[in-house]
Amino acid sequence: MTTFAANTINVQSSRLPFGAQHDGRFKGKHILSISQFSLEDLAYVFDVAEEFRLLVRRIGVLDLCKGYVLANLFYEPSTRTSSSFIAAIHRLGGTVIPISEVRYSSVSKGETLPDTIRTLESYADVIVLRHPEVGSAALAAKYARKPILNAGDGIGEHPTQALLDLFTILQERGRVDGLTITMLGDLRFGRTVHSLAKLLTLFNVKINYVSPDLLKMPADLVEQIRAKNIAQQELSQLDDVLGDTDVLYVTRIQKERFTDADQYERLKDTYTITPEVMAHAKPDMTLMHPLPRVNEISMDVDNDPRAAYFRQMEYGLYVRMALLALVLGKA
Ligand code: NCD
């Protein structure tokens with residue numbers, strides 16, 4: 001399998017067939033599932049993201065997407081995804097229609113998702129959508145003439161998060177092949193791990209899933225990943241695999257997805273990463289979390305150099321800038 005490291009992305013992608021790098025392959029496209037992405041696509045997105053990282057640091061705001069409008073439509077709460085897309089379009093020189101309080105929009109009058117999409121695409125050039133139902137982004141895309149970016153469809157997928165997670169691994173580790181990645185927490189309802197696990201099948205990795213029995217990775221997903229010949233293990237104790245883990249990806253127990261409040265109360269504090277836990281981890285392990293965290297990573301861990309979750313947020317800005325610029329045909 002192919003390896004490309006953060007600092008060699010340019011080298012690696014220059015090995016792609018001439019014209020493959022900037023051939024406008026994402027222009028006008030929807031981003032609905034992580035399964036859409038090939039290794040070549042990743043090199044292309046990360047190349048652009050890396051360029052934006054340097055440009056933002058040097059210049060701050062670019063004018064690449066001047067005059068372009070993003071509709072940021074969030075039916076579920078969000079801090080990072082929503083504000084990083086807003087920051088991304090601003091830093092590309094564009095503007096945003098932010099709709100995060102759908103109860104103040106016509107959605108509260110009973111407007112359907114297709115009609116809301118048809119409305120927003122009359123005013124905007126690209127739509128970012130977060131919605132509680134699995135398949136909602138695909139439904140929106142059926143009606144949309146403008147690109148839809150899936151920012152989380154219920155417990156389904158979160159493809160832009162998986163891309164920024166992989167970009168983080170590349171930036172922090174320099175490679176993906178050969179790594180042992182352990183996903184911890186709510187693997188049943190956590191859409192970020194659903195997308196990330198699928199994305200990792202493009203590499204030669206080992207994946208451990210550590211969760212309470214009730215919050216295991218969906219069986220169909222495990223089967224899909226097995227079909228791609230990825231070594232996987234399902235466990236309930238972190239101790240069994242912590243010492244071998246290169247990347248520990250912690251997730252929040254998703255309170256809002258539980259129908260039984262007592263069950264949530266019983267499971268919510270199953271795992272907590274503390275300095276004592278970190279003492280048993282590899283000295284160069286990378287600790288990630290899509291955030292928000294509740295209790296699953298103690299604040300005492302934040303100053304550990306292995307804690308990458310705040311850097312992960314910043315990488316997300318550059319990846320989302322790249323995705324917006326690419327679907328707008330501007331990268
Ligand atoms: C995640 C999400 O919304 O799925 N957060 C995010 O996008 N950064 C994870 C979560 O809410 O726990």
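Guide: What follows is an account of the ligand and its pocket. The model is a predicted one, and the ligand sits in its largest pocket. This pocket has a volume of about 450 Å³. Its lining is made up of 22 residues, and those nearest the centre are R130, R191, R252, L291 and P292. Two helices, α3 (80-91) and α7 (191-200), each supply at least two residues of that lining. By class, the lining of the largest pocket comprises five nonpolar, 10 polar and seven charged residues.

Let us turn now to the ligand itself. The residues that surround the ligand are T81, R130, H158, Q161, R191, T192, R252, Q254, P290, L291 and P292. This shell divides into three nonpolar, five polar and three charged residues.

Some of these neighbours can be described atom by atom. T81 places a polar side-chain atom 2.9 Å from an oxygen atom of the ligand. With P290, it is a backbone N or O atom that lies 3.0 Å from a nitrogen atom of the ligand. L291 likewise has a backbone N or O atom 3.0 Å from a nitrogen atom of the ligand. As for cover, the ligand on its own has 320 Å² of accessible area, and the protein covers 93% of this.

Technical notes
Residues are numbered from 1 along each chain as its sequence is written. This is a predicted model: local features need pLDDT of at least 70, side-chain atom pairs count only at pLDDT 80 or more; totals for chains, interfaces and linings use all residues. Side-chain values use heavy atoms; hydrogens and water are left out. A residue is near a molecule or strand if one of its heavy atoms lies within 4 Å of it. A polar contact is a pair of N or O atoms within 3.5 Å; within protein, one must be able to donate a hydrogen and the other to accept it, and residues adjacent in sequence count only if both atoms are side-chain atoms. Accessible areas come from the Shrake-Rupley method with a 1.4 Å probe; for residues, only the protein chains shown count as cover. On a 1 Å grid over the protein atoms alone, a cavity is a set of points where a 1.4 Å probe fits but cannot get out, and a pocket is an open set with protein on both sides within 12 Å along at least five of seven lines; lining residues have an atom within 4 Å of a point. A molecule sits in a cavity or pocket if more than half of its atoms lie within 2 Å of its grid points. Ala, Val, Leu, Ile, Met, Phe, Trp, Tyr, Cys and Pro count as nonpolar, Asp, Glu, Lys and Arg as charged, and the others, Gly among them, as polar. Grid points are joined across faces, edges and corners, and a volume is the space filled by probe spheres set on the points. Helices (H or I, at least four residues) and strands (E, at least two) are DSSP runs, numbered from the N terminus.
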